[in-house]
Amino acid sequence: MMDFEKRLTEIAGAANVKLEEPMKNHTTFRIGGPARYFVTPENADALILVIGLCRGEEKPFAVIGNGSNLLVSDQGYQGVVISTEKLDHCQVEGNQIRAGAGVKLARMAKQALEHGLAGLEFAAGIPGTVGGALVMNAGAYGSEMKNVLVDAVLLTKDGAVIRRTGEELELGYRTSNIPTEGLTVLEAEVRLQPGDKTEILRVMNDLAAKRREKQPLEYPSAGSTFKRPEGYFAGKLIQDAGLKGFSVGDAQVSEKHSGFVINRGNATTQDILTLVQEVQEKVFQDFGVKLEMEVKVVK
């Protein structure tokens, strides 16, 4: 164990390795037990070496961005959590932006605005990172990453660095082949359209106002908890099942938007999972629709 710890520290640097780090500090749900190791590699090369070490030593690992679509077990995670937060380079070249996996979507959208580039307005209020946005093909208000992605640089399970287009990543509704193929996003490039800064800002402000009005942004959550079932809206089904405001401990179906499960203060992961299961059972019982959780669980 000490040998692994020593090698991990040599690769990532002592300042970038924390032991028993509470994951509630690294998820937007503000929930989660400690990670045995929490690593923030300085760059893509270091991240590749850390993942290589984990694979070689057969240590379980999880790569995270902003923790915005993540629920970590109350018992924590006995493996290595690798944060991409320092893969934060973001360059604009003509109509294209190349960004590291750890760049927050809000920052990327702001860069687009500053350079008069339209097409990323939808992403300004999404609390995730570029890496997570590709894994889930993040989207909002009728647009998604698939619409702007040129290609991505990824690490394969075998340690090779490859480049794939959006089509090759099979981007669909909140899905891609990145997790199923065991790929890790290192960076991505998007192509936008020249636009009027005033108009781009207006659209961003309109979408931000809609979010504030309709979403429970004042509480920790992971955003939309469930994927949209075909032909339905998850929030409406949950509301129609009489579950608006339903709670288990401090986990609650938001009274503002039933598609959101929120942490009212001291919710545990188990509270969230119990609530989700009860919601799924009631909606299926009432409407015959299976709700699938959009949030990823790490345990």
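C90, at 11% relative accessibility, counts as buried (buried means under 20% relative accessible area, exposed over 50% and partly exposed in between, with a 1.4 Å probe and protein chains only). This is a predicted model, in which local features need pLDDT of at least 70 and side-chain atom pairs count only at pLDDT 80 or more, while totals for chains, interfaces and linings use all residues. Residues are numbered from 1 along each chain as its sequence is written, and side-chain values use heavy atoms, with hydrogens and water left out.

**Cysteines**
- C54 is also buried, with a relative accessible area of 0%.
- A search of the whole structure finds 0 disulfides (pairs of cysteine sulfur atoms within 2.5 Å).

**S176**
- S176 is found in the loop between β12 (161–165) and β13 (184–191), and its relative accessible area of 6% makes S176 buried; helices (H or I, at least four residues) and strands (E, at least two) are DSSP runs, numbered from the N terminus.
- Leaving aside neighbours within four places in sequence, S176 is in contact (heavy atoms within 4.5 Å) with L134, V135, L169, E170 and L171, and its side chain reaches the backbone oxygen of V135 at 2.9 Å.

**Helix α5**
- I200, M204, L207 and R211 are buried in α5, and seen down the helix axis the buried residues fall within an arc of 65 degrees, so they line one face of the helix (the arc is that of the directions from the axis to the C-beta atoms).
- The face turned away from this buried side carries the exposed residues T198, R212 and E213.
- What covers the buried residues of α5 includes α3 (105–114), β8 (117–118) and β9 (139–140).

Technical notes
Polar contact = N/O pair within 3.5 Å; in protein donor to acceptor, adjacent residues only side chain to side chain.
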